[in-house]
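Biologist: I am new to this structure and would like a close look at a single part of it. Please show me the model, and then I will say which part.

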Amino acid sequence: MTEELFEQLEFVENPLFETIIDDLLQQQFSIVNDFFSSEEVEVLRHSLMAKYDADRFKKSAIGNRTNEEIDKSIRGDFILWMDEANANEAERIFFGKINELVNYLNKTCFLGILHKEFHYAVYPTGTYYKRHLDTFQNDDRRKLSIVCYLNEDNWLRENGGELTIYTEKEALNILPLPGRLVIFESQVLEHEVKVVKASERFSITGWLKTR
Ligand SMILES: O=C(O)CCC(=O)C(=O)O
Ligand SMILES: [Fe+2]
């Protein structure tokens with residue numbers, strides 16, 4: 001058997017990841033319900049809440065990590081960057097699944113994803129994130145944005161906090177339902193987080209980056 005053929009046999013097609021790739025190619029975004037199971041969401045939410053209760057989150061800022069500016073009129077969430085090297089059990093599950101997706105994208109799409117960065121986010125009642133693009137001046141390394149929602153099962157439409165994605169055709173309102181993963185092209189799709197009218201909105205947001 002030639003080495004080439006051997007490599008081909010090793011590749012296992014993943015139908016879920018193929019759907020994500022098809023969606024991204026066709027509409028620049030993909031929405032996956034139950035990317036994380038309810039058990040996984042629960043341990044991740046507990047991990048988030050333990051760190052939030054320990055006051056480890058800080059007010060989010062605009063700009064990149066070296067050039068930050070806090071402007072509450074643009075965004076009002078609180079964030080904590082995740083550290084994969086020191087991940088707890090819940091976070092290891094999280095990164096395990098994300099890395100599977102990243103490896104698959106790199107094998108099949110030649111995106112050249114070399115880095116990633118993820119943070120927890122809490123949007124208290126009354127907060128939002130105005131319409132924006134996830135790229136900053138002089139920083140085009142963010143290719144794909146990923147958001148995972150860690151709310152409880154009973155998140156109501158009346159709670160607000162939808163992610164609105166602005167496509168060429170429409171404004172798409174996406175409820176932050178537990179286990180749901182939204183992935184979209186960072187440099188293409190403008191989006192916003194609508195005001196949270198009740199409860200607190202929990203999520204993990206991150207970016208897959210080149211270079
Ligand atoms: O939480 C969301 O649904 C989106 C968050 C977002 O747009 C961001 O952090 O850049
Ligand atoms: Fe964003």
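Biologist: Which residue in β13 does His 119 stand opposite? Please describe the surroundings too.

Modeller: His 119 stands opposite Thr 205 in β13. This is a predicted model, in which local features need pLDDT of at least 70 and side-chain atom pairs count only at pLDDT 80 or more, while totals for chains, interfaces and linings use all residues. Residues are numbered from 1 along each chain as its sequence is written, and chains are lettered from A and ligands numbered from 1 in the order in which they are written. The pLDDT is the predictor's confidence in each residue, from 0 to 100; the chain averages 93, and 92% of the residues score at least 70.

The strands come first. Strand β6 (residues 115-123) and strand β13 (residues 201-209) run antiparallel and are joined by nine bridges. Helices (H or I, at least four residues) and strands (E, at least two) are DSSP runs, numbered from the N terminus, and two strands pair if DSSP finds at least two bridges between them. Both strands belong to an open sheet of seven, with antiparallel pairing, in the order β1-β11-β8-β13-β6-β5-β2. At its edges are β1 (29-32) and β2 (58-59), each of which pairs on one side only. Helix α3 (residues 38-53) packs on this sheet and touches β5 (78-81), β6 and β13. The direction of α3 makes about 70 degrees with that of β6; axes are lines fitted to C-alpha atoms, for helices over the stretch in contact, and angles run from 0 to 180 degrees between N-to-C directions.

Strand β13 also holds Gly 206. Gly 206 is buried because 22 other C-beta atoms lie within 10 Å; the cut-offs are 20 or more for buried, 12 or fewer for exposed, and partly exposed in between, with C-beta atoms placed from the backbone. Leaving aside neighbours within four places in sequence, Gly 206 is in contact with Lys 116, Glu 117, Phe 118, His 119 and Ile 146. Here contact means that the C-beta atoms of two residues, placed from the backbone, lie within 7 Å. Ile 146 is 60 residues from Gly 206 along the chain, yet their C-alpha atoms are separated by 5.2 Å.

As for the whole chain, its secondary structure comes to four helices and 13 strands. Buried residues make up 29% of its 211 residues. Among contacts between residues at least 6 apart in sequence, 79% join residues at least 24 apart.
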